[in-house]
Amino acid sequence: MTTEKIDEQRRKFLLAATSVVGGCGVLAAAYPLVSSLLPSSRVQAAAAPVEVDISHLAPGDLMTVEWRGKPVWIIRRTQAMINELHKHAAQLRDPESKVDQQPNYTQNEHRSINPDYLVLIGICTHLGCSPQYKPEPQETNSWPGGFFCPCHGSTFDLAGRVFKGVPAPINLAVPPYTFLAEKRILIGKDWNPGESDV
Ligand code: FES
C-alpha cells in the first residue's frame, strides 16, 4: 500500500470518528435539557390528590392537610352548625355561591357534598392570610360561628361564605374533592356521584 493511500484512509477514519464524537456530544448536551423539561417527581407528588382519613374527626373539629402547597381544612359540622347556615343569608355577600369559588357539586347552601363535612382552602380571599376558626356562636354580637381573618377583619360563615362589609370580596374557595368511603376523602379529584354513595 502506498503512503498516499494510507494517508487517505487515515483522513477518512479521523473524519468519521470526529462525527461520532460530535454526535455523542450533542446527545449528552441535550439530555440535561430534556430531563429539565420533564416534571420532577417532587412536583408530580405535590400536584397529586391527597387521601385523608377523617374517621377521628369529632363533631365541631377542624383538621388541616396540605394540597398543592395550600392548607385545606376539613370541618366536621354539628347539626346545630348546619341548621345555622340558612339563618343569616341576608348578611352574606354571595349566599348562593354564584361566584365561581367551588366545584358545581358544592354550589349549595352548605357548600359541600355531605353537609356534615365542609372542605375549604384555608386562605383568605382578601390578601391571602390564614383565617382563624371561630365556631362558637355569640349572641352578644350576633356571631353565628365561622372564620375570622385577623389581618384586616374579614369574616366568613361555617360554609366559608363571606359576610358583607369586610375587605374579602368573595367566599373562601372549595377545592375539588370526593369521598372514597364514608370516612375517607380524596382532595384534588372531582366527585362523580356514580362512583360514590356518600
Ligand atoms: S387578608 Fe384576610 S382580611 Fe385581609
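Modeller: Let's start with terms: helices (H or I, at least four residues) and strands (E, at least two) are DSSP runs, numbered from the N terminus. This is a predicted model, where local features need pLDDT of at least 70, side-chain atom pairs count only at pLDDT 80 or more, and totals for chains, interfaces and linings use all residues. Residues are numbered from 1 along each chain as its sequence is written, and side-chain values use heavy atoms, leaving out hydrogens and water.

Colleague: Thanks! In what order do the elements of the protein chain run from the N terminus on?

Modeller: The order is α-α-β-β-β-α-β-β-β-β-β-β, which gives three helices and nine strands.

Colleague: How many of the residues count as buried?

Modeller: Buried means under 20% relative accessible area, exposed over 50%, and partly exposed in between (1.4 Å probe, protein chains only). Here 34% of the 198 residues of the protein chain count as buried.

Colleague: And where does S97 lie?

Modeller: S97 sits in the loop between α3 (79–84) and β4 (117–121). Its phi is near 55 degrees, a positive value in a residue other than glycine.

Colleague: Is S97 buried or exposed?

Modeller: S97 is buried, at a relative accessible area of 0%.

Colleague: What about the phi of S142?

Modeller: S142 is not a glycine either, yet has a positive phi of about 60 degrees. You will find S142 in the loop between β5 (132–134) and β6 (146–149). With a relative accessible area of 53%, S142 is exposed.
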